[in-house]
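Could we walk through the model together?

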Amino acid sequence: MHQKRLSAPKTYKIPRKVKKWIVKPSPGPHDKTAIPLLVLVRDYLKLADTGREARRIIAVGHILVDGIARKDYKFPVGLFDVVSIPKMDLNYRIVFDEKGRYVPIEVEDYDKKLYRINNKTMVKGGKIQLNLFDGTNILATNEYKTKDSIVMKIPEKEILQHLKFEEGALVMVTGGTHAGEIGRLKSYKVVRSSSPNLVTIEVEGREYTTIEDYVFVVGSKEDKKPVIDLGV
């Protein structure tokens, strides 16, 4: 299935008027802003000149996402995913550019991925399951809270670090006009209505307010920079 280039998500960094259609991602990890693997291989990484060439590269398992070979050319790739091409010794992480569009940056810490905890549920046996922002689910202890972030080793999905959603934490804004900006969480306001809770972010001496769904913890109060390479 395809979608019109002009109506593709704003997170796509692609020419809009060169061709009419572009591949639409399959249902899976991330939301509707995710990039199909074919588009990443052809239009971003320039590993193929045509869609047919890109599909051939993907079909033989040369492209890994978070350490796992993905052979579906429509597989959705989104924020903080790690894309690897072992035969070329290349590893990329998907981040935002200054306009809030997804871009791949080459990284060395390709065995780590940052996840936000969107929800917690209790499963059979009284165990706690963390429901993460990209659809991943893992079992963990009850010390983790929603809106916190964790760093995991991939593809093993072993928790390496816990980052709390708290005042002073280093955060990235993932939606709205400030998407891609990194600053400090200054304050958090619980709204007593159906409206989303609000978070005040401080970036280089200026402040603004955004909704909590757009806030992703990328470092602790003590960290001077994100705990994984985000190209900043």
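This is a predicted model: local features need pLDDT of at least 70, side-chain atom pairs count only at pLDDT 80 or more; totals for chains, interfaces and linings use all residues.

Modeller: Residues are numbered from 1 along each chain as its sequence is written, and side-chain values use heavy atoms, with hydrogens and water left out.

Colleague: Happy with that! How many salt bridges does a search of the whole structure find?

Modeller: Side chains of opposite charge can pair when their charged atoms come close. The term salt bridge here means a side-chain nitrogen of Lys or Arg within 4 Å of a carboxyl oxygen of Asp or Glu. Searching the whole structure, the total comes to nine.

Colleague: What is the N to O distance in the salt bridge of Asp66 and Lys113?

Modeller: This pair links distant parts of the chain, with Asp66 in the loop between β4 (64-65) and β5 (68-69) and Lys113 in strand β10, 47 residues apart. Strands are DSSP runs of E, at least two residues, and helices are runs of H or I, at least four, numbered from the N terminus. The N to O distance between the two side chains is 2.8 Å.

Colleague: Are Asp66 and Lys113 buried or exposed?

Modeller: Buried means under 20% relative accessible area, exposed over 50%, and partly exposed in between, with a 1.4 Å probe and protein chains only. By that scale, both Asp66 and Lys113 are buried.

Colleague: How many residues apart are Glu207 and Lys186 in sequence?

Modeller: Their side chains meet in a salt bridge, at 2.2 Å from N to O. Glu207 lies in strand β18 (residues 206-211) and Lys186 in strand β16 (residues 182-189), so the pair ties together parts of the chain whose separation in sequence is 21 residues.

Colleague: Why does Glu108 count as exposed?

Modeller: Glu108 sits in the loop between β9 (102-106) and β10 (112-123). Glu108 counts as exposed because its relative accessibility is 75%.

Colleague: Which backbone oxygens does the side chain of Arg93 reach?

Modeller: Arg93 is found in strand β8 (residues 90-96), and this residue is buried, with a relative accessible area of 0%. A polar contact is a pair of N or O atoms within 3.5 Å; within protein, one must be able to donate a hydrogen and the other to accept it, and residues adjacent in sequence count only if both atoms are side-chain atoms. One backbone oxygen lies 2.9 Å from a polar atom of the Arg93 side chain, and belongs to Asp109. The other is reached at 2.8 Å and belongs to Asp229.

Colleague: How many residues of helix α1 are buried?

Modeller: Helix α1 spans residues 37-44 and is mostly covered. Among its buried residues are Leu37, Arg42, Asp43 and Tyr44.

Colleague: Last one: what separates the C-alpha atoms of Pro86 and Glu202?

Modeller: Pro86 lies in the loop between β7 (82-85) and β8, and is exposed, with a relative accessible area of 52%. Glu202 is 116 residues away along the chain, and the C-alpha separation is 39 Å.
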